[in-house]
Amino acid sequence: MNIHRENSLGIYIHIPFCEKKCEYCDFLSFPSQNKLMDQYMEALIDEIAERKYHVNQRVATVFFGGGTPSLIEGQWIEKVMKALRERFYFWEDVEITLEINPGTVTYDKFMCYQKAGVNRLSIGLQSTMNEELKVLGRIHTYEKFLESYHLARDMGFTNINIDLMAALPGQTVESYRTSLQRVAQLHPEHISAYSLIIEEGTPFYDFYGKDAIRREEGKETTLLPSEEEERSMYYDTKRILKEYGYERYEISNYSLKGRESKHNTCNWRRWNYIGYGLGSSGLLDHQRLKNTDDINQYIKGNWIGEVLDLSKNEEMEEFMFLGLRMIEGIKEEEFIKEFQCTIDQVFGKNLERLIEEELIIRKDGCISLSEKGIDLSNYVLSEFLIDE
């Protein structure tokens, strides 16, 4: 990425509508209703036009997330991008990503996306096994995904991400391995591979319980892969994707050379970004900005939920948590430049111990997770909490 942090801005646009909410999903989303979606999109464009942000930076990335952004009419994406371009200056090589779900896209929608300047698609596949997709509550089949993927290619989209999930109910090591190979053989530019997390407040949590075990008529039946099987899936991801030429640049993200996600990289590097839409978040000049979660209030124009002034300690923690997710790690000189102190002055004792435990590598002014550290990343990252 040739652009510089000081001159660049990220924008996230939240589209909170789904045809059907997935069983595992805890994102802020609602069933699709045409009248409500139109009201929401009008309010979204009003927020972009009317909300005042004092920024002198050019837009480097735009990301439409959800929900299912591809569920709404394609003309709305054109209108949103027109509103953004009237409000901000854009870099010529701006990355504009739109999340799509198989079965919700058409030739006409892809035409609208191209007119809007969308140059990157992120497809929520999750699995190539129809039975696994059915358990997840996905509305598409693998065959429907293939139709959407090939249509996107035929329309000229040359930067596509595909999402996959591991440790799904009923999934085996073999079925996950097959999904990996099928996706890699399509040669998308980017693959995101995450393990399922059972989140409280979702149907999956109610169904499996916090221990991921379904209790039925006095019996306990484990329906999720074992820890050993999940570990095998994790190692298969690294091995198989490497065989197909994908480089791991973040704990759960892989790309062909030079095709890393600019938007996610900006977030992991804590560049300024603005969130528009219901429940969206932003980071701007040492403040965390969050929009309201109340769709009725949002449609009325009451966008702001809370503005949180981040303390220096909170920012240093975020710098470490997010930066260490990147395989290349963090540069010590950037920490000094941002916080006017060294990493050792803040985290020295824990850092030294993690190096001794071979969980952290320190070399040539960079600090990164070792392979062992990546495997134990939750533990390692927790060691960078600052005691108040």
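**Figure 1. Arginine 270 and its partner glutamate 338.** In this predicted model, arginine 270 is buried, with a relative accessible area of 3%. Its side chain meets that of glutamate 338 in a salt bridge, at 3.2 Å from N to O. The two residues come from distant parts of the chain, 68 residues apart: arginine 270 sits in the loop between helix 9 (262–268) and strand 13 (273–276), while glutamate 338 belongs to helix 12.

Figure 2. How exposed or buried is glutamate 318? With a relative accessible area of 16%, glutamate 318 falls under the 20% limit and is therefore buried.

**Figure 3. A salt bridge between arginine 325 and glutamate 250.** The structure holds 20 salt bridges. In this one, the side chains of arginine 325 and glutamate 250 meet at 2.5 Å, N to O. Distant parts of the chain are linked, 75 residues apart: arginine 325 lies in the loop between helix 11 and strand 17, and glutamate 250 in strand 11 (residues 247–250). Glutamate 250 is buried, its relative accessible area being 0%. Arginine 325, at 23% relative accessibility, counts as partly exposed.

**Figure 4. Phenylalanine rings of helices 11 and 12.** Among the 15 aromatic pairs of the structure is the one formed by phenylalanine 319 and phenylalanine 335, an edge-to-face pair with 5.4 Å centre to centre and 80° between the planes. Because phenylalanine 319 lies in helix 11 and phenylalanine 335 in helix 12, the pair ties together parts that are 16 residues apart in sequence. Both phenylalanine 319 and phenylalanine 335 are buried.

**Figure 5. The bent helix 13.** Where does helix 13 bend? The bend, of about 60°, is at lysine 349. The span of helix 13 (residues 343–356) is only 17 Å between its end C-alpha atoms, whereas a straight helix of 14 residues would span 20 Å at 1.5 Å a residue. The buried residues of helix 13 are Ile343, Phe347, Gly348, Leu351 and Leu354. An α-helix has 3.6 residues a turn, so residues three or four places apart point the same way. The buried residues of helix 13 pack against several elements, including helix 11 (312–323), helix 12 (332–339), strand 18 (360–363) and helix 15.

Figure 6. Glutamate 358, which follows helix 13, has a positive phi near 60° although it is a residue other than glycine. Its place is the loop between helix 13 and strand 18. Glutamate 358 is exposed, with a relative accessible area of 57%. Histidine 286 is not a glycine either, and its phi is positive at about 70°. This histidine 286 is in the loop between strand 14 (281–284) and strand 15, and at 48% relative accessibility it counts as partly exposed.

**Figure 7. A cis peptide bond, and charges over rings.** Glycine 66 and glycine 67 are joined by a cis peptide bond, with omega about 15°. Glycine 67 has its place in the loop between strand 4 (58–66) and helix 2 (74–87). Two further details concern charges and rings. Lysine 79 lies over the face of tryptophan 76, 4.4 Å from the ring centre, and arginine 87 lies over the face of phenylalanine 88, 4.8 Å from the ring centre.

**Figure 8. Serine 377 in helix 15.** Serine 377 is found in helix 15 (residues 377–382). With a relative accessible area of 10%, serine 377 is buried. Leaving aside residues up to four places away in sequence, serine 377 touches Ile251 and Leu369.

Definitions and conventions:
Residues numbered from 1 in each chain as written. Heavy atoms only, no water. Helix = DSSP H or I, 4+ residues; strand = E, 2+ residues; numbered from the N terminus. Buried < 20%, exposed > 50% of the residue type's maximum accessible area, 1.4 Å probe, protein only. Contact = heavy atoms within 4.5 Å. Expected span 1.5 Å × (residues − 1). Bend = angle between axes of the 7 residues up to and from the residue. Salt bridge = Lys/Arg side-chain N within 4 Å of Asp/Glu carboxyl O. Phe/Tyr/Trp six-rings, centres within 6.5 Å; stacked < 30°, edge-to-face > 60°. Lys NZ or Arg CZ within 6 Å of the ring centre and 35° of its normal.
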